[in-house]
Amino acid sequence: GMPPNAGTTMVYAYSASGPGRAVPIVCSPDLAYRSIFGSVAEGAGRAAFDRRTNLLNFMADDVRRSRDALAGDERQRFDQYLESFETLHNRQRELVARADVLRRHAPQLGDRLTSTTSSVILEAQFEIAAATLIAGLTNVVTLTSGGGGQSFGMFPEFGILDLHGIGHGASYGGRTYEQCFVELRRLHTRLIADLARRLDAVREGNGTMLDNTVIVYLSDSGDGHHPQLYDWPIVLLGNMGGRLRSAGRYAQFPRYQSRNHRTTANLYLTLLHAAGRPRDRFGVADPGLRDIDHSGPLAELLA
């Protein structure tokens, strides 16, 4: 993702692997590239990868030794640390084992790896994400465009000096705040279209990777800068190999607390059902909807 402000390399506010287990968003293209493709990098990049592997190995052994001297809650907390280090170390070994695949798909980013221009950072991150998917290292990628806290980043290349400001109606570069938002959405949709084209160029089964993918494009603040979250526009591209009915359709669900009202959690449940991991509840139930059944997926979107 793109950092919310200069100097931020990790943000823990957007993704999780389970309750209380935040997954960091890597905000530096250089760090993201070295973490994923460092095993096939030349010179300093490979040396940094090897140092990271050795450090993770040492830390896992150190945590394991410390854990044996503990009991009860403290031991359980150390179990989480140990699991994290072992997961990271196993991932490093997997990357080394798949060096040939990584070498084929590693993107050539040059100076974009260390650029401080917001749109270039996003472009590089999209290319890294596409390469990671195509190389088969993951089936899921989260890409973010700033956000978090009161510092929302800048796009000086568009004359936009404060995303927080345009959220409050400020004008930049001779553009109204609406025009600033349009400029940013054009950037996002261009990058998404490029990602789709890359996936569509890779054969998979009887079609392409794009045929078996869904891209979810949404705002992190729903219906406004200080949102009530009664509306949350979302765009779905692709149908996950025919599991979703999303192409050429517009769906609008009843307003909050109305009969058949649905929540963003229902969309996440829909994606889980389509991915073969069905469940009927996600997150914390809304107490304002206790008289309305808002469990399960969105039947209108499942094929």
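**Aromatic pairs and a helix**

Tutor: In this predicted model, Phe155 has 0% relative accessibility and therefore counts as buried.

Student: Is Phe158 buried or exposed?

Tutor: The cut-off for buried is under 20% relative accessible area. Phe158 has 17% relative accessibility, so this residue counts as buried.

Student: How are the rings of Phe155 and Phe158 arranged as a pair?

Tutor: A pair of aromatic rings is described by the distance of the centres and the angle of the planes. The structure holds 4 aromatic pairs. For Phe155 and Phe158 the centres are 6.0 Å apart and the planes lie at 10°, and planes under 30 degrees apart count as stacked, so this pair is stacked.

Student: What is the arrangement of the rings of Tyr268 and Phe282?

Tutor: Their centres are 5.2 Å apart, with the planes at 65°. Because planes over 60 degrees apart count as edge-to-face, the pair of Tyr268 and Phe282 is edge-to-face.

Student: Which parts of the chain does this pair of Tyr268 and Phe282 link?

Tutor: The two residues are 14 residues apart and belong to distant parts of the chain. Tyr268 lies in helix α8, whereas Phe282 lies in the segment after α8.

Student: What span should helix α5 have at 1.5 Å a residue?

Tutor: Helix α5 has 17 residues, running over residues 118–134.

Student: How many of the 17 residues of α5 are buried?

Tutor: Helix α5 is largely enclosed by the rest of the structure, because the number of its residues that are buried is 14.

Terms used
Residues numbered from 1 in each chain as written. Predicted model: local features only at pLDDT ≥ 70, side-chain atom pairs only at ≥ 80, totals over all residues. Heavy atoms only, no water. Helix = DSSP H or I, 4+ residues; strand = E, 2+ residues; numbered from the N terminus. Expected span 1.5 Å × (residues − 1). Buried < 20%, exposed > 50% of the residue type's maximum accessible area, 1.4 Å probe, protein only. Phe/Tyr/Trp six-rings, centres within 6.5 Å; stacked < 30°, edge-to-face > 60°.
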